[in-house]
Amino acid sequence: MMVVFKTWRDTWRIIRKQPVVFLPFIISGAVSLLVLYILFLAPQRPIAYLLAPPIRAIAGEKFLHYPFNFVLLPNLFRLGDLAVSAFLGMLMSAVSVGMVADVYSRRTPSFLISLIVGFKRYFALVLLWIISFGIIAVVMKFLPHLFNLQARLGKSAFVAVSLCVSIVVQSLFVYMLPILIIDRKKLWGAFLENIRMLLSRLVPTVILVALPSLLYVPMLILKSYASLFARTGFPESVLIILAVGVIAALVIDYWITISITVYFLKNKTE
Amino acid sequence: MRKFILFFTVVSVLLVTSGCTDTRYMAERRFWHAEREAAKIFAKAPSGKLSDEQLAKVIGIYEEVAKDYPLEKVAAQIHFSLSRIYFSQGKFDIARRELTRIVQNFSADTKIAPQAYFGLGNIYEAEKKWPQAKEEYEKIIDLYPLSTLGLTIPMYLVQHYQQVDDQAAKEAAYEKGVKNYMALIDKYNQTSVAPVIKDHLASLHILMGKPQAAIDLWDETIKNYSQGTAPLKAYLSKAGVYENQLKDFPKAIGVYNEFLEKFPNTPIDKDVRYRLGRLYLVNGQVDKAKEAFYSLIDKYPDQTQLLISSYSGLAQCYRKEANTEKVVEMYDTIRTRFPDTTAAMAIPFLTAQYYKDIKYAAKAETAFTDAITEYQKILTQKKTSEKAKDAVMHFLALSYLKNLQWDEALPLLRQLIEKHPQNPSYLMDIAAVHRNLQDTDSAVKTYEELIKRYPNNAFLVKFAKTQIDILEKGSEN
């Protein structure tokens, strides 16, 4: 546990010293918020000319009218957020990892250089995202059937179980990003190195991932009930909940990514 | 970098402001909030009746939205709602004014404008100004001939004359309606609208008691259209007329069989097959009926309601064959396979009633006693839902009545009336119980209560008055 606290302390020092390492996550968060806002505008002209036909075809005309557009918004945004996470989120995380490595090595962090490095590994990053997302999706599809979980646990507890699965899968690949960007290994080699590091430092790794992730729980529960808020006197609260969720996710992901990178760099030099 | 930031800023500003410019969305939002506000006022009103002040407030809330967004569809909704409010208050001129606004602003909308004209006609009708009402209705036919209302107004006019018993006007309206439909059919002959118009003309013929003319039209549709819903509807309508109007069951069966042959895999296949099974039964073709019901059971093993109906149908088939063992077997199957359904709850009563019908007195008495015991037990069980309890109370009451246990039946029937005030059959049963107990006064009072509760049900009122006359004459004698 001490090693975890020391890592967090070092993480905080890096952030204070070079807050610019937060920039990639700001970009990622801004794009997510933009996607959310565009989806919110889906029933309204001029965005409706583009988004209304597919929404009408898939979900029905009802969801292009107030306040039912807010009932559909969480589901729409989930898809949009996945796309942002896959094609931009991973890249920005990689950029952040590169910048943290620069700060750790007492170099001036460069967004542009880290971006170029990230682009060079873009295919590997997207593939990594697809694999980890795929595993989570498959597990969440079959787990409820195996244990009849959703029926027995209720919505909130099911959300917590989903988060646990997400933490486990995230921990499984947590060092891939630093290894890909800093050590510049190939995907398979990075995976093997990742497993080796994970197994040799399992407990601190899981704590570094799990503890900040617990902050997700209230947000996830709130988001799972978001469509119910559409039926209250203030349907726009759905939009606010989702936006706060983006910001919360941004902060939590940022903290996890940087602390894992710092921990990776510390163990590399030791 | 500067250019990128400028571009991003401009795009963001455009996006933010675009969320405030769509009047349709803004109108929907305002309307929704207006409805919530109005609902709060309605909720505060004692027994749903608004005071003048509250009503003025509700009207003001809606009028504000309509004023700000006069050309949006929510404005039309508001004007319709306001028209209904003013109409309910007897303020016909103001109600008409609201609908006239709709006609003025939405004349191009083929759904909204006809409804507004129809509303105007309804208001004139309420004022007993039939010529003006007819004028409004005829405007729909002239201006919006292919709208739903435009196609149904000729029938509405005929029905009106039927109700007021004006044969000459009814014939004239019929002739005019036929002429109108024929003109439309000629105009849209090669289009997909033609069979829809023919269908309406067929309905008009049916109204006038000319089923063969309707059948001829449907035959035309069947002949000329092999795709789409038009021939399906034509077949079903034709079979329906043979079955319900002409009571020509063999022909109805023929039409259904032809339908199944021509359209083997439609979503309504099971409904048609079930209909066919019932027709075979009614027509005395018990073996065919059984075949139809058994084939439904095999083909649709997951459709609970259909299975229950099919087993019920089979029970009726075996009743016709006087095969008691099989009848009871079918009832038991419903009970064991579908234990949590209303149909299963009916089985103890139905079994007892069956024994009574075949005059097996000893078995009937035992069966009724068993049914009563079972229903009483179910009512005391905590796990029984409210809906199930209602059904069980109903069958228990029927069991008491059939088993001549009048004193036990009465309180149960009273409970059922309180729970289901819209169902007159319980009052009628209570009246029957009083009559069986030779309590003429109570029976008369019950019939009077029936008249008081359902004053708009002409059949019930006539029936109750007749029974009161009979009872009063009987007591005089």
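What follows is a chat about a predicted model with chains A and B.

Biologist: Before we start, how are residues and chains labelled?
Modeller: Residues are numbered from 1 along each chain as its sequence is written, and chains are lettered from A in the order in which they are written, as ligands are numbered from 1. This is a predicted model, where local features need pLDDT of at least 70, side-chain atom pairs count only at pLDDT 80 or more, and totals for chains, interfaces and linings use all residues; side-chain values use heavy atoms, with hydrogens and water left out.

Biologist: OK, how many helices and strands does chain A have?
Modeller: Chain A has 14 helices and 0 strands, where helices (H or I, at least four residues) and strands (E, at least two) are DSSP runs numbered from the N terminus. Its radius of gyration is 20 Å, close to the 18 Å from the globule rule for 270 residues, so chain A is as compact as a globular protein of that length. That radius is taken over C-alpha atoms, and the rule is 2.2 Å times the number of residues to the power 0.38.

Biologist: And chain B, how many helices there?
Modeller: Chain B has 24 helices and 0 strands. The radius of gyration of chain B is 30 Å, well over the 23 Å that the rule gives for 477 residues, so chain B is more spread out than a compact globule. Its C-alpha atoms fill a box of roughly 95 × 75 × 60 Å along the principal axes.

Biologist: What share of chain B is buried?
Modeller: Buried residues make up 46% of the 477 in chain B. Buried means under 20% relative accessible area, exposed over 50%, and partly exposed in between (1.4 Å probe, protein chains only). For chain A, 49% of the 270 residues are buried.

Biologist: Which residues in chain A lose the most area to chain B?
Modeller: Gln44(A), Arg45(A) and Tyr66(A), together 39% of what that side buries.

Biologist: Last one: where does Met345(B) lie?
Modeller: Met345(B) is in helix 18 of chain B, residues 342–357. Met345(B) is buried, with a relative accessible area of 13%. Leaving out residues up to four places away in sequence, Met345(B) touches several others, including Tyr375(B) and Phe395(B).

Key: Buried area is the accessible area (1.4 Å probe) that two parts lose on being put together, summed over both. Contact means heavy atoms within 4.5 Å.
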